[in-house]
Amino acid sequence: MAINKDLMIEEFLKTYGGERDGIEVYFAPGQVNLLGDHTDYNGGHVLPVALTLGTYAAIRRNDSNVCHVASAQFPEDGIYEFPLADQRPDESIFWVNYPMGCLWSMIAHGHRPSCGFDIFFDSTLPLNSGLSSSASIITVTIYSIMKMYGFEGISPIDLVLMNQDAENSFLNVGCGILGAFMSVFGKKDNAIYLKASSLHFKYTPLSLLGKHIVITNSGIKHANMNELFTSCLDDCKKGTKYLADNLPILRLCDVTSDQFETYKDMIPMPQVRDRVRHVVYENQRVMQAYNALHVGNITRFGKLMNESHISLRDFFGASCPEVDCLVEAAWNTPGVIGSRITGIGFGGCTVSIVENNAIENFIESVGRAYTEKTGLKAEFYIAETGEGAHEVVG
(Lines give C-alpha, C1' and ligand atoms only; values in the text may rest on other atoms or scores of the structure.)
Protein backbone atom coordinates (compact mmCIF):
# COMPACT_ATOMS: atom_id res chain seq x y z
CA MET A 1 0.00 0.00 0.00
CA ALA A 2 1.30 3.46 -0.90
CA ILE A 3 2.02 5.78 1.99
CA ASN A 4 0.67 9.33 1.93
CA LYS A 5 -0.12 12.10 4.40
CA ASP A 6 -3.68 10.99 5.17
CA LEU A 7 -2.58 7.41 5.83
CA MET A 8 0.21 8.55 8.16
CA ILE A 9 -2.16 10.78 10.11
CA GLU A 10 -4.72 7.97 10.33
CA GLU A 11 -2.11 5.56 11.74
CA PHE A 12 -0.82 8.24 14.09
CA LEU A 13 -4.32 8.78 15.53
CA LYS A 14 -4.84 5.02 15.92
CA THR A 15 -1.64 4.91 17.94
CA TYR A 16 -1.86 8.08 20.02
CA GLY A 17 -5.45 9.33 19.78
CA GLY A 18 -6.26 13.00 20.19
CA GLU A 19 -7.04 15.60 17.56
CA ARG A 20 -5.86 15.80 13.98
CA ASP A 21 -4.81 19.43 14.38
CA GLY A 22 -1.09 19.93 14.90
CA ILE A 23 0.05 16.72 13.21
CA GLU A 24 2.66 17.21 10.49
CA VAL A 25 4.11 14.56 8.16
CA TYR A 26 7.65 14.47 6.78
CA PHE A 27 9.76 12.16 4.60
CA ALA A 28 13.44 11.40 4.12
CA PRO A 29 14.70 9.09 1.38
CA GLY A 30 16.96 6.11 1.35
CA GLN A 31 19.67 5.98 -1.27
CA VAL A 32 21.42 3.56 -3.55
CA ASN A 33 25.06 3.98 -4.40
CA LEU A 34 25.56 3.43 -8.11
CA LEU A 35 29.33 3.38 -7.73
CA GLY A 36 31.93 4.00 -5.04
CA ASP A 37 31.55 1.73 -2.03
CA HIS A 38 34.06 1.91 0.84
CA THR A 39 35.49 5.10 -0.66
CA ASP A 40 33.46 7.57 1.40
CA TYR A 41 35.08 6.93 4.79
CA ASN A 42 38.45 6.95 3.01
CA GLY A 43 37.90 10.50 1.77
CA GLY A 44 37.06 9.57 -1.80
CA HIS A 45 34.30 9.96 -4.37
CA VAL A 46 30.87 8.35 -4.47
CA LEU A 47 28.04 8.48 -7.01
CA PRO A 48 24.67 7.79 -5.34
CA VAL A 49 21.04 8.66 -6.03
CA ALA A 50 18.24 9.35 -3.54
CA LEU A 51 15.17 7.15 -3.86
CA THR A 52 11.42 7.59 -3.59
CA LEU A 53 11.68 4.76 -1.05
CA GLY A 54 12.25 6.09 2.44
CA THR A 55 10.96 6.78 5.94
CA TYR A 56 7.82 8.76 6.84
CA ALA A 57 7.21 10.43 10.19
CA ALA A 58 4.02 11.92 11.60
CA ILE A 59 4.76 14.18 14.58
CA ARG A 60 2.78 16.26 17.08
CA ARG A 61 3.81 18.18 20.19
CA ASN A 62 2.57 17.01 23.56
CA ASP A 63 2.23 18.88 26.85
CA SER A 64 4.82 16.88 28.77
CA ASN A 65 8.57 16.52 29.04
CA VAL A 66 8.37 13.00 27.61
CA CYS A 67 8.82 11.82 24.02
CA HIS A 68 6.83 8.90 22.59
CA VAL A 69 7.87 6.88 19.54
CA ALA A 70 6.13 4.07 17.65
CA SER A 71 6.72 2.37 14.33
CA ALA A 72 4.63 0.43 11.83
CA GLN A 73 7.70 -1.80 11.30
CA PHE A 74 7.78 -2.82 15.00
CA PRO A 75 4.15 -2.96 16.15
CA GLU A 76 5.00 -5.49 18.85
CA ASP A 77 7.02 -2.82 20.67
CA GLY A 78 4.01 -0.53 21.05
CA ILE A 79 4.66 3.02 22.23
CA TYR A 80 8.11 3.60 23.70
CA GLU A 81 8.77 6.67 25.84
CA PHE A 82 11.90 8.44 27.00
CA PRO A 83 12.49 11.76 28.81
CA LEU A 84 13.22 14.96 27.00
CA ALA A 85 15.97 15.70 29.50
CA ASP A 86 18.04 12.52 29.40
CA GLN A 87 18.58 10.09 26.52
CA ARG A 88 20.34 6.79 27.13
CA PRO A 89 20.56 3.92 24.62
CA ASP A 90 18.25 0.97 25.25
CA GLU A 91 19.92 -2.31 24.32
CA SER A 92 16.67 -4.28 24.54
CA ILE A 93 14.81 -2.43 21.75
CA PHE A 94 17.50 -1.24 19.40
CA TRP A 95 15.42 0.66 16.82
CA VAL A 96 14.20 3.23 19.37
CA ASN A 97 17.79 4.39 19.80
CA TYR A 98 17.63 5.99 16.35
CA PRO A 99 14.99 8.63 17.19
CA MET A 100 16.38 8.88 20.74
CA GLY A 101 19.84 9.51 19.33
CA CYS A 102 18.44 12.24 17.11
CA LEU A 103 17.16 14.18 20.10
CA TRP A 104 20.47 13.61 21.90
CA SER A 105 22.38 14.94 18.89
CA MET A 106 20.13 17.97 18.44
CA ILE A 107 20.46 18.94 22.11
CA ALA A 108 24.24 18.44 21.94
CA HIS A 109 24.28 20.87 19.01
CA GLY A 110 22.21 23.47 20.91
CA HIS A 111 18.72 22.70 19.62
CA ARG A 112 16.52 21.60 22.54
CA PRO A 113 12.75 21.29 21.94
CA SER A 114 10.55 23.25 24.34
CA CYS A 115 8.37 20.24 25.14
CA GLY A 116 7.95 16.56 24.35
CA PHE A 117 6.45 15.07 21.20
CA ASP A 118 4.70 12.01 19.83
CA ILE A 119 6.08 10.55 16.59
CA PHE A 120 4.97 7.64 14.42
CA PHE A 121 7.15 6.08 11.70
CA ASP A 122 6.44 4.04 8.60
CA SER A 123 8.82 3.07 5.83
CA THR A 124 8.97 1.69 2.32
CA LEU A 125 12.64 0.74 2.68
CA PRO A 126 13.84 -2.81 3.34
CA LEU A 127 15.79 -2.77 6.59
CA ASN A 128 19.50 -3.67 6.82
CA SER A 129 19.83 -3.88 3.06
CA GLY A 130 22.42 -1.24 2.20
CA LEU A 131 19.86 1.40 1.18
CA SER A 132 20.52 3.66 4.20
CA SER A 133 17.35 2.96 6.17
CA SER A 134 19.16 4.10 9.35
CA ALA A 135 20.19 7.45 7.84
CA SER A 136 16.65 7.85 6.53
CA ILE A 137 14.95 7.48 9.94
CA ILE A 138 17.54 9.71 11.61
CA THR A 139 17.16 12.45 9.01
CA VAL A 140 13.36 12.39 9.04
CA THR A 141 13.36 12.55 12.85
CA ILE A 142 15.74 15.50 13.04
CA TYR A 143 13.99 17.24 10.15
CA SER A 144 10.56 16.72 11.77
CA ILE A 145 11.71 18.12 15.12
CA MET A 146 13.47 20.99 13.37
CA LYS A 147 10.30 21.98 11.51
CA MET A 148 7.90 21.33 14.39
CA TYR A 149 9.83 23.55 16.80
CA GLY A 150 10.99 26.20 14.34
CA PHE A 151 14.75 25.55 14.44
CA GLU A 152 15.21 27.34 11.14
CA GLY A 153 18.88 28.11 11.77
CA ILE A 154 19.87 24.51 11.08
CA SER A 155 21.56 24.34 7.67
CA PRO A 156 21.44 21.25 5.43
CA ILE A 157 25.07 20.48 6.32
CA ASP A 158 24.23 20.85 10.02
CA LEU A 159 21.48 18.29 9.50
CA VAL A 160 23.92 15.88 7.85
CA LEU A 161 26.47 16.27 10.66
CA MET A 162 23.86 15.81 13.39
CA ASN A 163 22.70 12.68 11.59
CA GLN A 164 26.19 11.23 11.51
CA ASP A 165 26.84 12.25 15.12
CA ALA A 166 23.70 10.42 16.26
CA GLU A 167 24.75 7.24 14.50
CA ASN A 168 28.46 7.33 15.31
CA SER A 169 28.43 8.73 18.85
CA PHE A 170 25.06 7.77 20.35
CA LEU A 171 24.41 4.46 18.62
CA ASN A 172 28.11 3.61 18.32
CA VAL A 173 27.55 2.47 14.74
CA GLY A 174 30.49 2.99 12.41
CA CYS A 175 29.45 4.47 9.07
CA GLY A 176 30.49 7.04 6.53
CA ILE A 177 28.61 10.18 5.64
CA LEU A 178 27.00 8.99 2.39
CA GLY A 179 23.58 7.91 3.70
CA ALA A 180 23.13 11.05 5.78
CA PHE A 181 24.21 13.31 2.93
CA MET A 182 21.84 11.78 0.39
CA SER A 183 18.87 11.80 2.74
CA VAL A 184 19.26 15.58 2.90
CA PHE A 185 20.64 16.62 -0.50
CA GLY A 186 18.98 14.11 -2.86
CA LYS A 187 17.51 15.51 -6.08
CA LYS A 188 15.09 13.83 -8.45
CA ASP A 189 16.53 12.68 -11.80
CA ASN A 190 20.05 13.40 -10.61
CA ALA A 191 22.97 11.48 -9.19
CA ILE A 192 25.35 13.28 -6.84
CA TYR A 193 29.08 13.25 -7.45
CA LEU A 194 30.38 13.71 -3.92
CA LYS A 195 33.91 14.06 -2.55
CA ALA A 196 33.49 12.77 0.99
CA SER A 197 36.55 14.43 2.52
CA SER A 198 35.39 17.95 1.60
CA LEU A 199 31.63 17.39 1.06
CA HIS A 200 32.07 19.18 -2.25
CA PHE A 201 29.47 17.86 -4.67
CA LYS A 202 27.92 18.27 -8.07
CA TYR A 203 24.50 17.22 -9.27
CA THR A 204 24.74 15.30 -12.50
CA PRO A 205 21.61 14.53 -14.55
CA LEU A 206 20.91 10.81 -14.64
CA SER A 207 19.69 10.20 -18.18
CA LEU A 208 18.20 6.69 -18.23
CA LEU A 209 15.96 7.03 -21.27
CA GLY A 210 14.40 3.63 -21.87
CA LYS A 211 16.05 2.18 -18.73
CA HIS A 212 15.43 1.87 -15.01
CA ILE A 213 17.40 1.23 -11.86
CA VAL A 214 16.36 -2.11 -10.38
CA ILE A 215 17.31 -2.94 -6.80
CA THR A 216 17.37 -6.60 -5.78
CA ASN A 217 17.34 -7.54 -2.11
CA SER A 218 19.15 -10.79 -1.35
CA GLY A 219 17.53 -11.09 2.07
CA ILE A 220 20.95 -11.77 3.61
CA LYS A 221 21.52 -9.77 6.79
CA HIS A 222 24.60 -10.18 8.96
CA ALA A 223 24.07 -9.81 12.69
CA ASN A 224 27.72 -8.81 13.16
CA MET A 225 27.67 -6.00 10.60
CA ASN A 226 29.29 -3.50 12.96
CA GLU A 227 32.15 -5.93 13.54
CA LEU A 228 32.57 -6.45 9.79
CA PHE A 229 32.58 -2.71 9.15
CA THR A 230 35.12 -2.17 11.93
CA SER A 231 37.38 -4.68 10.19
CA CYS A 232 37.07 -2.68 6.97
CA LEU A 233 37.93 0.55 8.76
CA ASP A 234 40.90 -0.99 10.53
CA ASP A 235 42.36 -2.47 7.34
CA CYS A 236 42.00 0.82 5.48
CA LYS A 237 43.67 2.70 8.34
CA LYS A 238 46.55 0.21 8.32
CA GLY A 239 46.94 0.57 4.57
CA THR A 240 46.95 4.36 4.84
CA LYS A 241 49.64 4.20 7.53
CA TYR A 242 51.94 1.99 5.43
CA LEU A 243 51.56 4.13 2.31
CA ALA A 244 51.95 7.39 4.23
CA ASP A 245 55.50 6.35 5.08
CA ASN A 246 56.31 6.89 1.39
CA LEU A 247 53.62 9.26 0.11
CA PRO A 248 52.39 12.69 1.27
CA ILE A 249 48.80 11.52 1.93
CA LEU A 250 46.19 12.11 4.62
CA ARG A 251 43.58 9.65 3.36
CA LEU A 252 43.59 6.45 1.35
CA CYS A 253 41.79 8.06 -1.57
CA ASP A 254 44.62 10.58 -1.93
CA VAL A 255 46.54 7.68 -3.51
CA THR A 256 46.47 7.32 -7.30
CA SER A 257 46.46 3.96 -9.04
CA ASP A 258 50.03 4.57 -10.29
CA GLN A 259 51.20 5.33 -6.76
CA PHE A 260 49.52 2.21 -5.46
CA GLU A 261 51.25 0.02 -8.05
CA THR A 262 54.59 1.58 -7.14
CA TYR A 263 54.26 1.24 -3.36
CA LYS A 264 51.82 -1.65 -2.85
CA ASP A 265 54.60 -3.99 -1.68
CA MET A 266 55.09 -1.71 1.32
CA ILE A 267 51.83 -3.20 2.66
CA PRO A 268 52.86 -6.58 4.10
CA MET A 269 49.39 -8.05 4.85
CA PRO A 270 47.61 -9.50 1.77
CA GLN A 271 44.07 -8.67 2.95
CA VAL A 272 45.00 -5.09 3.76
CA ARG A 273 46.79 -4.72 0.42
CA ASP A 274 43.79 -6.09 -1.48
CA ARG A 275 41.35 -3.83 0.32
CA VAL A 276 43.55 -0.83 -0.39
CA ARG A 277 43.67 -1.87 -4.05
CA HIS A 278 39.87 -1.84 -4.22
CA VAL A 279 39.56 1.58 -2.56
CA VAL A 280 42.16 3.21 -4.79
CA TYR A 281 40.79 1.80 -8.04
CA GLU A 282 37.17 2.27 -7.00
CA ASN A 283 37.85 5.96 -6.44
CA GLN A 284 39.24 6.15 -9.99
CA ARG A 285 36.18 4.28 -11.31
CA VAL A 286 33.82 6.81 -9.76
CA MET A 287 35.63 9.66 -11.50
CA GLN A 288 35.46 7.78 -14.79
CA ALA A 289 31.78 7.02 -14.20
CA TYR A 290 30.99 10.68 -13.56
CA ASN A 291 32.57 11.55 -16.88
CA ALA A 292 30.58 8.78 -18.58
CA LEU A 293 27.32 10.12 -17.14
CA HIS A 294 28.26 13.64 -18.10
CA VAL A 295 28.36 12.64 -21.77
CA GLY A 296 25.46 10.20 -21.53
CA ASN A 297 27.55 7.05 -22.05
CA ILE A 298 25.45 4.59 -20.05
CA THR A 299 27.13 1.59 -21.67
CA ARG A 300 30.50 2.67 -20.29
CA PHE A 301 28.87 3.38 -16.94
CA GLY A 302 27.47 -0.16 -16.81
CA LYS A 303 30.89 -1.69 -17.49
CA LEU A 304 32.34 0.30 -14.59
CA MET A 305 29.55 -1.05 -12.35
CA ASN A 306 30.51 -4.59 -13.31
CA GLU A 307 34.20 -3.91 -12.65
CA SER A 308 33.26 -2.47 -9.26
CA HIS A 309 31.48 -5.66 -8.23
CA ILE A 310 34.42 -7.82 -9.28
CA SER A 311 36.72 -5.62 -7.18
CA LEU A 312 34.39 -5.70 -4.16
CA ARG A 313 34.15 -9.48 -4.47
CA ASP A 314 37.76 -10.39 -5.25
CA PHE A 315 39.76 -7.70 -3.45
CA PHE A 316 37.70 -6.01 -0.75
CA GLY A 317 35.86 -9.18 0.24
CA ALA A 318 32.55 -7.38 0.75
CA SER A 319 30.32 -9.69 -1.25
CA CYS A 320 28.91 -13.12 -0.39
CA PRO A 321 27.84 -16.17 -2.43
CA GLU A 322 24.16 -15.19 -2.44
CA VAL A 323 24.83 -11.69 -3.74
CA ASP A 324 27.32 -13.02 -6.29
CA CYS A 325 24.56 -15.31 -7.54
CA LEU A 326 22.26 -12.33 -8.09
CA VAL A 327 24.92 -10.31 -9.90
CA GLU A 328 26.05 -13.17 -12.12
CA ALA A 329 22.45 -13.96 -13.03
CA ALA A 330 21.97 -10.29 -13.92
CA TRP A 331 25.09 -10.25 -16.10
CA ASN A 332 23.69 -13.25 -17.99
CA THR A 333 20.29 -11.61 -18.59
CA PRO A 334 19.71 -9.70 -21.87
CA GLY A 335 19.00 -6.00 -21.46
CA VAL A 336 21.17 -5.51 -18.35
CA ILE A 337 23.58 -2.59 -18.72
CA GLY A 338 25.44 -3.22 -15.46
CA SER A 339 24.97 -4.81 -12.05
CA ARG A 340 26.83 -4.79 -8.72
CA ILE A 341 26.50 -5.14 -4.98
CA THR A 342 25.75 -1.83 -3.28
CA GLY A 343 26.29 -0.40 0.18
CA ILE A 344 28.59 -1.79 2.85
CA GLY A 345 28.03 -5.27 1.41
CA PHE A 346 28.32 -8.67 3.12
CA GLY A 347 24.74 -9.26 1.97
CA GLY A 348 22.01 -6.72 1.30
CA CYS A 349 21.14 -5.47 -2.16
CA THR A 350 22.39 -5.31 -5.71
CA VAL A 351 21.76 -2.41 -8.05
CA SER A 352 21.28 -2.95 -11.78
CA ILE A 353 20.52 -0.75 -14.76
CA VAL A 354 18.04 -2.58 -16.98
CA GLU A 355 16.35 -1.80 -20.28
CA ASN A 356 12.65 -1.14 -19.68
CA ASN A 357 11.55 -3.88 -22.08
CA ALA A 358 13.77 -6.39 -20.24
CA ILE A 359 12.66 -5.67 -16.65
CA GLU A 360 9.92 -8.33 -16.53
CA ASN A 361 12.28 -11.00 -17.82
CA PHE A 362 15.03 -9.73 -15.49
CA ILE A 363 12.85 -10.19 -12.42
CA GLU A 364 11.67 -13.63 -13.54
CA SER A 365 15.01 -15.04 -14.64
CA VAL A 366 17.19 -13.57 -11.88
CA GLY A 367 14.62 -14.52 -9.26
CA ARG A 368 14.42 -18.08 -10.57
CA ALA A 369 18.20 -18.50 -10.72
CA TYR A 370 18.55 -17.17 -7.19
CA THR A 371 15.95 -19.51 -5.74
CA GLU A 372 17.34 -22.53 -7.61
CA LYS A 373 20.87 -21.92 -6.34
CA THR A 374 20.21 -20.67 -2.80
CA GLY A 375 16.68 -21.74 -1.88
CA LEU A 376 15.93 -18.09 -1.06
CA LYS A 377 13.52 -15.61 -2.60
CA ALA A 378 14.80 -12.24 -3.80
CA GLU A 379 12.79 -9.03 -3.62
CA PHE A 380 12.85 -6.56 -6.50
CA TYR A 381 12.29 -2.79 -6.48
CA ILE A 382 11.97 -0.78 -9.69
CA ALA A 383 13.51 2.39 -8.34
CA GLU A 384 12.74 6.01 -9.02
CA THR A 385 15.04 8.85 -8.03
CA GLY A 386 13.66 11.18 -5.37
CA GLU A 387 14.12 14.34 -3.36
CA GLY A 388 15.86 14.87 -0.05
CA ALA A 389 14.03 15.44 3.24
CA HIS A 390 10.78 17.35 2.85
CA GLU A 391 7.27 17.87 4.17
CA VAL A 392 4.62 15.51 2.81
CA VAL A 393 1.72 17.58 1.52
CA GLY A 394 -0.46 14.96 -0.18
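A crossing of two helices is called left-handed if the near helix is turned anticlockwise from the far one by less than a right angle, and right-handed if clockwise. The views below come from a predicted model, in which local features need pLDDT of at least 70, side-chain atom pairs count only at pLDDT 80 or more, and totals for chains, interfaces and linings use all residues. Residues are numbered from 1 along each chain as its sequence is written, and side-chain values use heavy atoms, with hydrogens and water left out.

**View A. Crossing of helices H10 and H11.** Helix H10 (residues 321-331) and helix H11 (residues 359-374) cross at roughly 145°, their axes coming within 9 Å (axes are lines fitted to C-alpha atoms over the stretch in contact; angles run from 0 to 180 degrees between N-to-C directions). The crossing of H10 and H11 is right-handed. H10 contributes Glu322, Cys325, Leu326, Glu328, Ala329 and Ala330 to the contact, and H11 contributes Phe362, Val366, Ala369, Tyr370, Lys373 and Thr374 (contact: heavy atoms within 4.5 Å). Helices are DSSP runs of H or I of at least four residues, strands are runs of E of at least two, and both are numbered from the N terminus.

View B. Beyond its neighbours within four places in sequence, Ser134 is in contact with Tyr98 and Glu167.
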